[in-house]
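Open your viewer and have the selection tool ready. We will go stop by stop, picking out residues and saying what is there.

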Amino acid sequence: MASVTSPFTTTNASFILRPNSQNHQPAHRSFPLPPRACLNESQDQHRIQLNRRQFISQTAAIVAATAPLTLIDQSPAVADEALSQWERVYLPIDPGVVLLDIAFVPDDPTHGFVLGTRQTLLETKDGGATWFPRSIASAEEEDFNYRFNSISFKGNEGWIVGKPAILLYTPDAGETWKRIPLSAQLPGDMVYIKATGDQSAEMVTDEGAIYVTSNRGYNWRAAVQETVSATLNRTVSSGISGASYYTGSFNTVNRSPDGRYVAVSSRGNFYMTWEPGQAFWQPHNRAVARRIQNMGWRADGGLWLLVRGGGLYLSKGTGITEDFEEIPVQSRGFGILDVGYRSQEEAWAAGGSGVLLRTTNGGKSWIRDKAADNIAANLYSVRFMEGNQGFVLGNDGVLLRYLG
């Protein structure tokens, strides 16, 4: 039995994202037929009287009008197809599965795993073009239908966490998975795990507990001294709007490459941050009127912020701040649920009813990828790995693969 050093008390909280699920169908396009051109005998006399310039001009118009229809009908379709830099990958899973995370083995970028609800775990060995189901015996011994929330690799070592509480570890790039026992006193549900080094990982629960291990999960050390509920209860008089003991759980958690965290409260009325070395989470008032949907880190170290109803904000400057500016986006009124940066300049945002947006200037302006409008699914997560490897994860088993 693994031991967890923690002063926290156990509470019952859930990690649920409820986006707008309205579907959207693209409008059909129609193309008018060109006017029919004809020269008959009754027009001969009039044609003779035309001067040479008039005749050439009229003949050119007739030729243009009688051009092959295939050129007119096909060019818009080709133009629409060229807008998309993604392809949909069809998975061997049941309808209704929500994909939640994806990761690849660093030493072999063709080898990866995608996971989600209903104990879904799929494996690929061709870079994500095709996937096949994987089963883990130690996760099937009990009568549970696990929700696999997060997966991470460092070298050949990999970790998976899920709900009900389950922790899986692989030392051999996923060829075998071993279940690591956990203490029953673990506060909240495990929602995120990050492989950080040899036999080392960092794990986060939706109640703000952060644990680290350096011996393959046999012992865990608490990195913060209290849960979010305790922090809010202690600091409720400090001016944090909406903070109370009853709102001390997270809706989303995102980690920066240098180990900083930003998390959104379950009600979206404020957010919290944590940096390595801090004993407590730091609460922040939201600087926008609408409730927060999600937050994360830009490639330059700044923050992005999404609000309900499709609004997107970027922090002014880098680092942790409460100063944001709104960026106009074409979300069609659907909520934007996640943002993923491929580089400092290029990023993609995804959301309800197939919303897919792209920026090539660090987020200052965004263009909608209309080729995704016919995807009748909510897109929850945007994930980019090394190089051009990227994926968008959604409900009903929707998986988009970045083509570059």
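Which residues do ring pairs link into a cluster? Select Tyr 192, Phe 250, Tyr 261, Trp 274 and Trp 281: ring pairs join these residues into a cluster.

Before going further, a word on the ground rules. This is a predicted model, in which local features need pLDDT of at least 70 and side-chain atom pairs count only at pLDDT 80 or more, while totals for chains, interfaces and linings use all residues. Residues are numbered from 1 along each chain as its sequence is written, and side-chain values use heavy atoms, with hydrogens and water left out.

**Stop 1: aromatic pairs**

Rings of Phe, Tyr and Trp (its six-membered ring) pair if their centres lie within 6.5 Å; planes under 30 degrees apart count as stacked, over 60 as edge-to-face and the rest as tilted. A search of the whole structure finds 19 such aromatic pairs.

Next, select Trp 86 and Phe 384. Their ring centres are 6.0 Å apart and the planes meet at 55°, so this pair is tilted. Trp 86 lies in strand S2 (residues 86–89) and Phe 384 in strand S27 (residues 379–384), so the pair ties together parts that are 298 residues apart in sequence. Strands (E, at least two residues) and helices (H or I, at least four) are DSSP runs, numbered from the N terminus. Trp 86 and Phe 384 are both buried; buried means under 20% relative accessible area, exposed over 50%, and partly exposed in between (1.4 Å probe, protein chains only).

Now return to Tyr 192 and Tyr 261. With ring centres 6.0 Å apart and planes at 85°, the pair is edge-to-face. Tyr 192 sits in strand S11 (residues 190–197) and Tyr 261 in strand S16 (residues 261–265), 69 residues apart. Both Tyr 192 and Tyr 261 are buried.

**Stop 2: the whole chain**

Zoom out and colour by secondary structure. The chain has four helices and 29 strands. Of its 404 residues, 50% are buried. The accessible surface of the chain comes to about 19400 Å², and 49% of that belongs to carbon and sulfur atoms; these areas come from the Shrake-Rupley method with a 1.4 Å probe, and for residues only the protein chains shown count as cover.

**Stop 3: a four-stranded sheet**

In which order do the strands of the open sheet of four run? The order is S7-S8-S9-S10, with antiparallel pairing. Two strands pair if DSSP finds at least two bridges between them. Strand S7 (147–154) and S10 are the edge strands, each pairing on one side only.

Highlight strand S8 (residues 157–163), which runs antiparallel to S9 and is joined to S9 by five bridges.

Then step to the end of S8. Lys 163 and Pro 164 are joined by a cis peptide bond, with omega about -10°. Pro 164 is in the loop between S8 and S9.

**Stop 4: salt bridges**

A salt bridge here is a side-chain nitrogen of Lys or Arg within 4 Å of a carboxyl oxygen of Asp or Glu. By this rule there are 14 salt bridges.

Select Lys 125 and Glu 175, whose closest N and O atoms are 3.8 Å apart. Lys 125 is in the loop between strand S5 (120–124) and strand S6 (132–133), and Glu 175 in the loop between strand S9 (166–170) and strand S10 (178–179), 50 residues apart. Lys 125 is partly exposed at 48% relative accessibility, and Glu 175 is partly exposed at 45%.

For a contrast in setting, select Asp 373 and Arg 368. Their salt bridge has its closest N and O atoms 3.0 Å apart, and both residues are buried.

**Stop 5: two backbone angles**

Most residues other than glycine have a negative phi. Select Arg 118, where phi is positive, near 55°. Arg 118 is in the loop between strand S4 (108–116) and S5.

Finish at Ser 353, which has a positive phi of about 55° although it is not a glycine. Is Ser 353 buried or exposed? At 1% relative accessibility, Ser 353 counts as buried.
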